[in-house]
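Colleague: I have a structure open and would like to learn how to read its features. Could you take me through some of them?
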Amino acid sequence: MPLDKKIDELKEKRRKAQLGGGEEAIEKQKAMGKNTARERILALLDTDSFHEYDLFVEHDARDFDMHKKSLPSDGVVIGTGTIHGKPVAVFAQDFTVAGGSLGLMHSRKITKIMDHALKMRIPLIGINDSGGARIQEGVNSLAGYGEIFFRNTISSGVIPQISVILGPCAGGAVYSPALTDFVFVVDNISKMFITGPEVIKTVLGEEISMEDLGGARVHCETSGNAHFFANTEDECFDQIKALINLLPPNNESRPEKVEIAGPKAEFDINSIVPDDPTLPYDVKDIIRAVADNSEFIEVQEMYARNIVIGFSRLGGRTVGFVANQPLEMAGVLDVDSSDKAARFIRYCDAFNIPLVTLVDLPGYLPGVDQEHAGVIRHGAKVLYAYSEATVPKLTVILRKAYGGGYIAMSSRHLRADFVFAWPTAEIAVMGPEGAANIIFRREIMSAENPDEVRKAKVEEYKAKFANPYVAASRGYIDAVIEPSETRKLLLHAIEVSENKDVTMPRKKHGIPPF
Amino acid sequence: MEKQKDLGKLNINYTEYTTRLSKKFTSRKPFKHETPGHVSSFIPGTVVELLVKEGDSVRYGQELLVLDAMKMKNRILSLWDGTVESIPVKPGDKLPKGAVLMVIKVG
């Protein structure tokens, strides 16, 4: 056969395989408001950058008449390409082929691209859209999941791993996204759960819709399983592109330095924080007032809003911000916010991303529910994550830093490299009201006019301790700075920390309080 | 500043803070002590069989009923010596977690 005929044959084979489950199945996929696996990859990657592998892979299952069924590419698309010119590895499950079910060859394609991503030290992006295990392939399908989970774990902290849930992701399949760094979901399209509504109804008699059980919003607001919420697939891809652009491709790389752009003028750092420490403000305004271009990519925006985490650039380099949010629950640390912050701190530490911590918190949230939910062990995660982190750690105390919250939020005692405080900072064992009530209890109780004496004592305590100067006199903070000096000092601190090198004791791994 | 109307008050260490309150916080359930004599389901399930009837005297550790949950037939034991005062459930009832299965008059 002449070459041009052979090329035609190849083209025809490609065309057939790339049709996936066929036109009817594609129509169904579209009717659900979803794009096909290949369309998704093309939308996510730079134009003409995608190269597909294993297009002609097919299963060889025999039981239950499977040998009579052809499943093009075995229901998953794998390949490599670029995002903003940076190489990435991708897989996308194809729901039009046997519901994107995971059989042995399907899993081998996924693990092949995972191995590739790890070996090449490039980010891995997995698009999940699958009905679950391919039941006909039995334990081979379970083996496939296990092989994926193992690789997710081994690659963790070496290359960024991103999961995109663009359809159902149910049962054991959810554990691959759960082991990855960032989970992206889209409203009305993403569905994640271990046991579905039907099983829950049969076994427990509880009735719930799929959306209320494991929809995008639930996982962003309630469970904390997802990190980024989008209204459409396109918005979701834009979010992924922006994130990939900021992240180093692996743990041996450092964030690249891009051109410096200052914050936008509309964020005036001097006018954001109210003087009264009991009044709220949006700490994201502070982040935007110091970050390059006022850009901030927030992670888990809708979950445990009392702490804000996310990425910005400072002086052209990626940094991770961790900030108490006085606007939500007064910025307290609690079970969920501790969990959220600790994981993010470890992410930044793993990928050489300097941490900038903005402190303004009244302490930990009191309550039986918090204590019984384990606020002790969850709160300990924050201490652990900050102590263990060896990336540059910069801390700015904006206002309140009371008690255990002061220690936990990247204090000098956990080896912060630079601790700055604004003149509005109050670094004390607790707020003036609480402290005065305890220290001057007798005087207040025995006074003829306890309320007046209490007020006077609160003022006395405020004057003495509600400031940054006691901590400054001990060297626990390095400098008291004007708010307008914040950006300049942070940029300088990052520059100074460029070659930071600390040696930790040799160990296999620590035992964080997960 | 954000809209003032969605702001509430949160008291931490005798200081009242003006802030938004989370749904989780405002909908938290107040802590309740267990009522002595109330036998309740520790897991959602279906009542299979009652092993005692109203008026029976029961001993600590005696089997009271069988609750089918997660493919297991759980034998629910009495935590008290006493008399069965009432049985608000019957075989076949599907129950949520924490439902009262039986009330025992302790002593």
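This is a predicted model: local features need pLDDT of at least 70, side-chain atom pairs count only at pLDDT 80 or more; totals for chains, interfaces and linings use all residues.

Colleague: Which residues of α4(A) are buried?

Modeller: An α-helix has 3.6 residues a turn, so residues three or four places apart point the same way. Buried means under 20% relative accessible area, exposed means over 50%, and partly exposed lies in between, with a 1.4 Å probe and protein chains only. In α4(A) the buried residues are Leu104(A), His106(A), Ser107(A), Lys109(A), Ile110(A), Thr111(A), Ile113(A), Met114(A) and Ala117(A). They pack against several elements of chain A, among them β2 (76-83), β3 (86-93), β4 (124-130) and α5 (139-155); contact means heavy atoms within 4.5 Å.

Colleague: How is the span of α4(A) read?

Modeller: The expected span is 1.5 Å times one less than the number of residues. Helix α4 covers residues 104-120 of chain A, 17 residues, and reaches 24 Å from its first C-alpha to its last, close to the 24 Å expected.

Colleague: Where does Ile159(A) lie, and what does it touch?

Modeller: Ile159(A) is in the loop between α5 and β5 of chain A. Ile159(A) counts as buried because its relative accessibility is 1%. Leaving out residues up to four places away in sequence, its contacts include Ala117(A), Leu118(A), Arg121(A) and Phe351(A). Its C-alpha is separated by 5.3 Å from that of Pro123(A), 36 residues apart along the chain.

Colleague: Is His227(A) buried or exposed?

Modeller: His227(A) counts as buried, because its relative accessibility is 9%. The residue sits in the loop between α9 (216-221) and β8 (228-230) of chain A. Beyond residues up to four places away in sequence, His227(A) touches Asp181(A), Phe182(A), Val183(A), Val299(A), Gln300(A), Glu301(A) and Arg343(A).

Colleague: What should I take from chain A as a whole?

Modeller: Chain A has 20 helices and 16 strands. Buried residues make up 55% of its 514 residues. Among contacts between residues at least 6 apart in sequence, 72% join residues at least 24 apart.

Colleague: Now chain B. How do I read the pairing around β6(B)?

Modeller: Strands of a sheet pair through backbone hydrogen bonds, either parallel or antiparallel. Two strands are called paired if DSSP finds at least two bridges between them. Strand β4 (residues 45-50) of chain B runs antiparallel to β6(B) and is joined to it by 4 bridges, with Val47(B) opposite Leu67(B). On β7 (residues 72-77) of chain B, the pairing with β6(B) is antiparallel over 6 bridges, and Leu65(B) stands opposite Ile76(B). β6(B) and β7(B) form a hairpin with 2 residues between them, and Met70(B) in the turn has a positive phi of about 50°. Of the 7 residues in β6 (residues 63-69) of chain B, 5 are buried.

Colleague: What is the strand order in the open sheet of 4 strands in chain B?

Modeller: The order is β3-β10-β8-β5, with antiparallel pairing. The edge strands are β3 (38-40) and β5 (57-58) of chain B, each pairing on one side only. β3(B) and β10 (residues 100-106) of chain B are joined by 3 bridges, and Val103(B) is the bridge partner of His38(B).

Colleague: Where is Asn13(B), and what is its phi?

Modeller: Asn13(B) is in the loop between β1 (8-12) and β2 (15-19) of chain B. Its phi is near 50°, a positive value in a residue other than glycine. Asn13(B) is partly exposed, because its relative accessible area is 38%.

Notes. Residues are numbered from 1 along each chain as its sequence is written. Chains are lettered from A and ligands numbered from 1 in the order in which they are written. Side-chain values use heavy atoms; hydrogens and water are left out.
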